[in-house]
Amino acid sequence: MLDNLLDLVKQHAGDAIINNPAIPNERNGEAIETASSSIFDTLKNAASGGNVSDIMSLFNGDGSTEGNPLASSMQSGLVQNLMHKFGLDQGAAGSIASNLLPSVLNKFVSKTNDPNDSSFNLQDILSKVGGGNLDVSNIISQFTGGGNSQQGGDEILDSIKGLFGK
């Protein structure tokens, strides 16, 4: 999953990173890795914070990530990481993030939801960001309408939070 995410960011890095004079060419790979890590780390932090519903809403949306709280967190995290690692000002870092992340995230969600594309699947994503501590199939079934109807969404989220000691 992580390699596929890195490849996805590479595919969309053109003007935002590769052709951007604010990022030295010899550091393009590092900037691409920073963007990929920002996406993964935001998902991981959401899972460890018990916000699996936010992750599910990202992938169960209408294909657009605009207005999604996790997408906003990813953008903020990437801006901060670019400012810290590359010494960019907020405007330059914000421009990179706003030019790169929407297309990467929309493709990420699209590929995850495409049954004919095996490069990403939601179960694998949740397993990776949850550190293998989540009952992924039960979580997915609860958010997609299947599974044990006796256990409500709040109870599931509480049990997930318990896995992370929160």
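Reply: Gladly! The protein has 9 helices and 0 strands, and its elements run α-α-α-α-α-α-α-α-α from the N terminus on. Please keep in mind that this is a predicted model.

Me: Why is Thr34 called buried?

Reply: Buried means under 20% relative accessible area. Thr34 has a relative accessibility of 2%, so Thr34 counts as buried. This residue lies in helix α3, which covers residues 28–48.

Me: Which residues does Thr34 touch, leaving out those up to four places away in sequence?

Reply: Thr34 touches Leu78, Asn81, Leu82, Lys85 and Phe86. A polar atom of the Thr34 side chain also lies 2.8 Å from the backbone oxygen of Glu30.

Me: How does the span of α3 compare with what is expected?

Reply: α3 has 21 residues and reaches 30 Å from its first C-alpha to its last, close to the 30 Å expected at 1.5 Å a residue. Just after α3, Gly50 takes a positive phi of about 80°.

Me: Why is Ser103 called partly exposed?

Reply: Partly exposed is the range between the under 20% of buried and the over 50% of exposed. With 30% relative accessibility, Ser103 falls in that range and therefore counts as partly exposed. Ser103 is found in helix α6, and a polar atom of its side chain lies 3.0 Å from the backbone oxygen of Leu100. The C-alpha atoms of Ser103 and Val9 are 9.1 Å from each other, although these residues are 94 residues apart along the chain.

Me: What about Thr112: buried or exposed?

Reply: Thr112 has 10% relative accessibility, and because buried means under 20%, Thr112 counts as buried. Thr112 also has its place in helix α6. The backbone oxygen of Phe108 lies 2.7 Å from a polar atom of the Thr112 side chain. Leaving aside neighbours within four places in sequence, Thr112 is in contact with Phe59, Phe120, Asn121, Leu122 and Ile125.

Me: Which residues are buried in helix α7?

Reply: In α7, residues 122–129, the buried ones are Leu122, Ile125, Leu126 and Val129. They cover an arc of only 95° around the axis, so they sit on the same side of α7. An α-helix has 3.6 residues a turn, so residues three or four places apart point the same way. At the start of α7, a side-chain oxygen of Asn121 reaches to within 2.6 Å of the backbone nitrogen of Asp124. After α7 comes Gly131, with a positive phi near 70°.

Me: How many residues are in the largest nonpolar core, and which have the most contacts inside it?

Reply: That core has 44 residues, and those with the most contacts inside it are Ile17, Ile39, Leu43, Ile55, Phe59, Met74 and Phe108. At least two residues each come from α1, α2, α3, α4, α5, α6 and α7, and α6 gives the most, with 9 residues.

Me: And how much of the whole protein is buried?

Reply: Of its 166 residues, 40% count as buried.

Notes: Residues are numbered from 1 along each chain as its sequence is written. Side-chain values use heavy atoms; hydrogens and water are left out. Helices (H or I, at least four residues) and strands (E, at least two) are DSSP runs, numbered from the N terminus. Buried means under 20% relative accessible area, exposed over 50%, partly exposed in between (1.4 Å probe, protein chains only). A polar contact is a pair of N or O atoms within 3.5 Å; within protein, one must be able to donate a hydrogen and the other to accept it, and residues adjacent in sequence count only if both atoms are side-chain atoms. Contact means heavy atoms within 4.5 Å. The expected span of a helix is 1.5 Å times one less than its number of residues. The arc is that of the directions from the helix axis to the C-beta atoms. A nonpolar core is a set of buried Ala, Val, Leu, Ile, Met, Phe, Trp, Tyr and Cys residues joined through side-chain atoms within 4.5 Å.
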